Protein chains: 2
Amino acid sequence: MRLYSAARSSAAFRVRIGLNLKGIAYDYAGVDLVAGEQRGERYRDVNPAELVPVLDIDGLRLVQSLAILEYLDETRPMPPLLPASAAGRSRVRAAALAIACDLHPLNNLRVLGYLRGELGIETPQRNAWYRHWCEQGLAQLEAQVRLGGAQGAFIEGDHPTLADICLVPQIFNARRFEARLGHVPLLMAIFERCMALPAFADAQWDRQPDFRA
Amino acid sequence: MRLYSAARSSAAFRVRIGLNLKGIAYDYAGVDLVAGEQRGERYRDVNPAELVPVLDIDGLRLVQSLAILEYLDETRPMPPLLPASAAGRSRVRAAALAIACDLHPLNNLRVLGYLRGELGIETPQRNAWYRHWCEQGLAQLEAQVRLGGAQGAFIEGDHPTLADICLVPQIFNARRFEARLGHVPLLMAIFERCMALPAFADAQWDRQPDFRA
């Protein structure tokens, strides 16, 4: 069992939380995204999409954080990362996707790099871009969760799910870019409850072997 | 059963294909994204995230195309949108997410609008942005599918899945922006096989009641 990861990668962070929640031990293979290791020939053999995370498990090589987490949940059901009802599962997946599809992709390293390099966008405007999508996306997620009406200690009920797994890395990123967070009190209260759990706390940036301040 | 949709929305297009594959009839509620109807008070009551699609079904209001499709597959299993094995399901979800997370979000209307409005990026550079992510994302997906080694007539085996459902709307968009497609022959052959099926063909842009050329 080996996880190709980068300390600050939100997608890898999600999988680290999922593995911890399931109590699955793994070897950590750090990929230096800032140095461009993901574009090197050696890593492209691992994942031609040049992205982390990749999980080697059960003789398979899995990519895409949410697909990996669904696989873990199907093959190692306890504790579950999705609720039992189809309605609940749909709400949890929708919250996870609100981050993974609508928010995070606009703010990852390669996109900020394109804005800087190809489009010549300066740092203040790049940071404004980041904060725009982050603040809007989190506000919309908070509204979505409230409308769903199934939140408890966590986004769905009283146990962490795929949705909380996506939320936590996003809040780390939001803080790094000094995005506003006061407008999403429900999500922030859930974030704090997550971080009180070792599975989440042990997955955070500065506890990874490849972390650099 | 009501689908809030927009003819050219890739996410809505995915759900239309899924409903057609399952043989589920529905009322079509067009939302005029170009006119900004999604930001109006009336639609924000439907979906505070201001996005289509939304599916009203079984007394629930579902959002996020992939969460909706997973719900349909859990509650109406035939024909399945995911294969039976955990490995196959993970490959299919990974292919779907490669489009839904890594490619499509960078190219949707609100992002192109921000590039134009807030960042003052002119049309040729916006189109280059579009084509960059589209061409790179499809190349990476083609590599991912070949590496998976489970492709048949469709991305996974010989029946359409969630992955094909995500592929087809993306190809429509790629053509609209005149992105290069000759470098992904496997995906294009699968696209043509999909479009030969009524479930896909009937879901396309110009067969929707709100389509405008």
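Good morning. The largest nonpolar core of this structure has 156 residues, and those with the most contacts inside it are A:Trp129, B:Trp129 and B:Leu138. A nonpolar core here is a set of buried Ala, Val, Leu, Ile, Met, Phe, Trp, Tyr and Cys residues joined through side-chain atoms within 4.5 Å. Buried means under 20% relative accessible area, exposed over 50%, and partly exposed in between, with a 1.4 Å probe and protein chains only.

The model is a predicted one, in which local features need pLDDT of at least 70, side-chain atom pairs count only at pLDDT 80 or more, and totals for chains, interfaces and linings use all residues. Residues are numbered from 1 along each chain as its sequence is written, chains are lettered from A and ligands numbered from 1 in the order in which they are written, and side-chain values use heavy atoms, with hydrogens and water left out.

Let me turn to the aromatic residues. Over all chains, a search of the whole structure finds 17 aromatic pairs; rings of Phe, Tyr and Trp (its six-membered ring) pair if their centres lie within 6.5 Å, and planes under 30 degrees apart count as stacked, over 60 as edge-to-face and the rest as tilted. A:Trp129 and B:Trp129 form an edge-to-face pair, 5.9 Å centre to centre with 75° between the planes. A:Trp129 lies in helix α6 (residues 123–148) of chain A and B:Trp129 in helix α6 (residues 123–148) of chain B, so this pair joins two chains. Helices (H or I, at least four residues) and strands (E, at least two) are DSSP runs, numbered from the N terminus. Both A:Trp129 and B:Trp129 are buried.

A stacked pair is formed by B:Tyr130 and B:Phe177, at 3.9 Å centre to centre and 10° between the planes. This pair links distant parts of the chain, 47 residues apart: B:Tyr130 is in helix α6 of chain B, and B:Phe177 is in the loop between α7 (162–176) and α8 (185–195) of chain B. B:Tyr130 and B:Phe177 are both buried.

Finally, the sheet. In chain B, four strands form an open sheet in the order β2-β1-β3-β4, with mixed pairing; two strands pair if DSSP finds at least two bridges between them. β2 (27–30) and β4 (60–63) of chain B stand at the edges, each with a single partner strand, so one side of each is left without a neighbour in the sheet. Strand β1 (residues 2–5) of chain B pairs with β2(B) in the parallel sense over four bridges, and B:Leu3 stands opposite B:Tyr28 in β2(B). Thank you.
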